[in-house]
Amino acid sequence: MYPGTVYQKYEPIFFQSIGNPFIFRCLDGVLIDGNDKGISKVVFRSCNGRDRLGPLKMSDSTWLTSEFHNPLAVGQYVNNCSNDRPANVCYQEFDVPAVFPIELKQYLPNIAYSFDKESPLRCVVLVALRDIKQGEELFSNYYTIVS
């Protein structure tokens, strides 16, 4: 999955986007800020704290640390493919359904910028195009999104 704060196309992201190579633009204009530093990190942690439901977290923030905790949160480490390095993964946009079990949300590395019950949480998942070996570098065409 590509972790980060999810912004609807009408939400402000100007300051977070300055010099930020980790902004993922979905086909419909939704943005995911996958930067684990600076203001992007502060915004994610703030939204993560806001959305707690008692002891239940509504997202995983371990991708913001230097330790590898969540094997679902590796999308920001995918590099762009080239003629020498063909793509071995592609991106698939996915809206988390309203019936998604609340106790499993703690494993999703995404959080909505605004608390908007009308919009489902957008996630972008990586789909392997072939078998991938452990430790193999991930490559995708940055401009190809499966819809």
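Q: What makes a contact?
A: Contact means that heavy atoms lie within 4.5 Å. By that rule Tyr7 touches Pro12, Ile13, Gln16, Val30, Leu31, Asp33, Val43 and Tyr113, leaving out residues up to four places away in sequence.

Q: What kind of model is this?
A: This is a predicted model, in which local features need pLDDT of at least 70 and side-chain atom pairs count only at pLDDT 80 or more, while totals for chains, interfaces and linings use all residues. Residues are numbered from 1 along each chain as its sequence is written, and side-chain values use heavy atoms, with hydrogens and water left out.

Q: Why is Tyr7 called buried?
A: Buried means under 20% relative accessible area, exposed means over 50%, and partly exposed is in between (1.4 Å probe, protein chains only). Tyr7 has 0% relative accessibility, so Tyr7 counts as buried.

Q: Where does Tyr7 lie?
A: Tyr7 is in strand β1, residues 4-7. Strands (E, at least two residues) and helices (H or I, at least four) are DSSP runs, numbered from the N terminus. Tyr7 and Val30 are 23 residues apart in sequence, but their C-alpha atoms are 5.8 Å apart in space.

Q: How many helices and strands does the protein have?
A: There are two helices and nine strands. From the N terminus on, the order is β-α-β-β-α-β-β-β-β-β-β.

Q: How do you know how many disulfides there are?
A: A disulfide is a pair of cysteine sulfur atoms within 2.5 Å. The structure holds zero of them. Cys47 is in no disulfide, and its nearest cysteine sulfur, that of Cys123, is 14 Å away.

Q: Why is Cys123 called buried?
A: Its relative accessible area is 0%, so the term applies. Cys123 is found in strand β7, residues 122-128. Leaving aside neighbours within four places in sequence, Cys123 is in contact with Met1, Gln92, Glu93, Phe94, Val96 and Asn110.

Q: What makes Gln76 buried?
A: Gln76 has a relative accessible area of 8%, so Gln76 is buried. Its place is the loop between α2 (38-50) and β4 (79-80). Beyond neighbours within four places in sequence, Gln76 is in contact with Tyr2, Pro3, Phe22, Gly34 and Trp63.

Q: How do you know that the radius of gyration agrees with a compact globule?
A: The radius of gyration is taken over C-alpha atoms, and the globule rule is 2.2 Å times the number of residues to the power 0.38. With 147 residues, a compact globule would have a radius near 15 Å; the protein has 15 Å, so the two agree. The C-alpha trace spans about 45 × 30 × 30 Å along its principal axes.

Q: What share of the residues counts as buried?
A: Of the 147 residues, 39% count as buried.

Q: What share of contacts joins residues at least 24 apart?
A: Among contacts between residues at least 6 apart in sequence, 77% join residues at least 24 apart.
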